[in-house]
Structures are given as structure tokens and as C-alpha cells.
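Here are my notes on the model you sent over, in the order I would look at things on screen. Have it open while you read.

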Amino acid sequence: MAKNVDEEAQDVQRKVFKIIVIGDSDVGKTCLTYRFCAGKFPDKTEATIGVDFRERTVDIDGELIKLQLWDTAGQERFRKSMVPHYYRNVHAVVFTYDVTKLASFQGLPMWLEECDQHSLNASVPRILVGNKCDLTNQVQVETNIAQRFADAHSMPLFETSAKEDKECDNVEAIFLTLAHKLKCQKPMMTQDYPKMNRATVLSVDKEVLRTQSEGTCGC
Ligand SMILES: Nc1nc2c(ncn2[C@@H]2O[C@H](COP(=O)(O)OP(=O)(O)OP(=O)(O)O)[C@@H](O)[C@H]2O)c(=O)[nH]1
């Protein structure tokens, strides 16, 4: 539905923050961002190609703040040409692993390194999220190990489940913690991303797909 003039004026006034959600493929990045923005677990998901993004406006102490969540592809072959796009004008980073997959936790230093390479240093708020806590009998990453890693990198740790309805408050807490941290920071200016919307980003995805179909597919 088209926005009316009042809504557009509000958008211009609203602070907009870009948060990237990164981590290995299959850890649940899409499900976490969907849970926060749509309020439910998606019926089905497919591997993210390039980047997708979702938005939600939250009220923090009476001020409306728009969180723009960039759900990035974990699979190398679906992300390589998009990487520079993810890391531009980032306000916060959510590092995600799957508590039932040790390899996804062991992969975190690579994601930290990539952030460093794109000049996202410790001054940018970061959060560590261990997802799929509902699979209690399959846990491979113990909380104390994850906590030690989080402490070593000065970020809070959240363990949660995008799937379990009773964990939804925890998913809220992850992004609201970031919103509180970001509230006093300089937001993204509207002119940085004129008329940015979902279609704009998906058109970049199509460019990636086109490049792959022209012979660079990593399959
Ligand atoms: N049990 C359980 N399964 C989950 C949870 N979150 C995601 N999943 C499942 O894990 C699989 C991968 O979820 P996605 O959200 O697509 O993972 P992703 O990290 O976005 O994957 P890429 O797009 O490939 O990077 C799907 O089958 C989800 O249904 C969770 O909290 N618990």
C-alpha cells in the first residue's frame, strides 16, 4: 500500500539504523530477522542469495527508530560479489552461530576478521547470538565457552531460538538492546539511501545471479 504524505514525512524524521546479521549458512539468520520483523517463525526458508532486508520501527523512550536488518547470505557462493554492499554504512553487527553446530561457532573468528577488514571495529556495537536453543539435546556449544568468546570480544551474548514462540521476548531483547545503544548515535541519513526499499536491494541480488549464470557460479 502506498504511503501517505504524513507517513513519508515521519520516515524522513525517523532515525534509521543499518544492522547486519552475519554468520555461517543455516544458523538461522533469516529466521531471526523474520521473527523480529514479522513476529513469527517463517513457514519455509531458502538459502539467502546475496542479501535480503527487513525493517521494523521501534519506540525507544518515546522516540521512533527504524531498524533496518540486513539478512546476509552465509554461503560463500551466494555472497562474494555482495560483500562490499553489506559493510557500507553499518551501525551494528549481529554475529550468529548455531548452538547445535560447533563448526558455526568455530567459524566466528572468520566473520570477525571480515568485519575488521571492512573497518568495522569495536566502536560499532556488536552482539553474539547462539540460535536454535530449542534443540536442547543436540547442543554442541556450551554457554560458558560462548560466554568466554563473547567476553574476549567485548560483546553481549544471547542464546535464543527463532523457532520457539516462548523465546520471542529474547529475540526482541537482542534487537532492542542494539536499538538502545544506537539511539544516541548518528543515524543513516535519508540521502545515503534515497528511496531505498526492498526492491532496490533485490535488484542487486539479481545482478549477482546474472553474474553467476554467466559462468562464475561456485557450485
Ligand atoms: N530448531 C530450530 N531450527 C531453526 C531455528 N532457526 C532456524 N532454523 C532452521 O534452520 C534452517 C536455516 O535457517 P535460515 O534462517 O534459513 O538460516 P540462514 O542462516 O539464514 O541461512 P543462509 O541464508 O544460507 O545463510 C531452516 O531449516 C530453519 O527452519 C531455530 O531457532 N530452531
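This is a predicted model: local features need pLDDT of at least 70, side-chain atom pairs count only at pLDDT 80 or more; totals for chains, interfaces and linings use all residues.

1. Which residues of H5 are the buried ones? They are Leu 108, Trp 111, Leu 112, Glu 114 and Cys 115. These residues sit on the same side of H5, because they cover an arc of only 160 degrees around the axis. The background here is that an α-helix has 3.6 residues a turn, so residues three or four places apart point the same way.

2. As for what H5 lies on: the helix goes across strand S1 (15-23), strand S4 (92-98) and S5, and it runs at about 165 degrees to S4. Just past the end of H5, Ser 119 has a positive phi of about 60 degrees, if you want to check the backbone there.

3. Helix H6 (residues 143-152) is the other one to look at against the strands. H6 lies across S4, S5 and S6, and its direction makes an angle of about 150 degrees with that of S6.

4. Now the sheet itself. Six strands make up an open sheet with mixed pairing, and the order is S2-S3-S1-S4-S5-S6. At the edges you find strand S2 (51-60) and strand S6 (157-159), each of which pairs on one side only. On average, neighbouring strands are turned by 25 degrees against each other, ignoring direction. As a reminder, strands of a sheet pair through backbone hydrogen bonds, either parallel or antiparallel.

5. Is S4 mostly covered or mostly open? It is mostly covered, with seven of its seven residues buried. Ala 92, Val 94, Thr 96 and Asp 98 point one way from the strand, while Val 93, Phe 95 and Tyr 97 point the other way.

6. Asp 52 counts as buried because its relative accessibility is 14%, and the cut-off for buried is under 20%. The side chain of Asp 52 also makes a polar contact with the side chain of Arg 54, at 3.4 Å.

7. Arg 35 deserves a close look as well. It is found in helix H2 (residues 29-38) and counts as buried, with 4% relative accessibility. Its side chain reaches the backbone oxygen of Lys 163 at 3.1 Å. Leaving out residues up to four places away in sequence, Arg 35 touches Lys 40, Phe 41, Ala 162, Lys 163, Glu 164, Asp 165, Cys 168 and Val 171.

8. Lys 163 brings us to the ligand: a polar backbone atom of Lys 163 is 3.2 Å from an oxygen atom of the ligand. Which residues come closest to the ligand? Of the 22 residues that surround it, the closest are Ser 25, Lys 29, Thr 48, Gly 74 and Asp 134. In the side chain of Asp 134, an N or O atom is 2.8 Å from a nitrogen atom of the ligand. Thr 30 has a polar side-chain atom 2.9 Å from an oxygen atom of the ligand.

9. Last, the whole chain. There are eight helices and six strands, and along the sequence they follow the pattern α-β-α-β-β-α-β-α-α-β-α-β-α-α. Of the 219 residues, 44% count as buried. Among contacts with a separation of 6 or more, 76% are between residues 24 or more positions apart.

Terms used:
Residues are numbered from 1 along each chain as its sequence is written. Side-chain values use heavy atoms; hydrogens and water are left out. Two strands pair if DSSP finds at least two bridges between them. Helices (H or I, at least four residues) and strands (E, at least two) are DSSP runs, numbered from the N terminus. Axes are lines fitted to C-alpha atoms, for helices over the stretch in contact, and angles run from 0 to 180 degrees between N-to-C directions. Contact means heavy atoms within 4.5 Å. Buried means under 20% relative accessible area, exposed over 50%, partly exposed in between (1.4 Å probe, protein chains only). The arc is that of the directions from the helix axis to the C-beta atoms. A residue is near a molecule or strand if one of its heavy atoms lies within 4 Å of it. A polar contact is a pair of N or O atoms within 3.5 Å; within protein, one must be able to donate a hydrogen and the other to accept it, and residues adjacent in sequence count only if both atoms are side-chain atoms.
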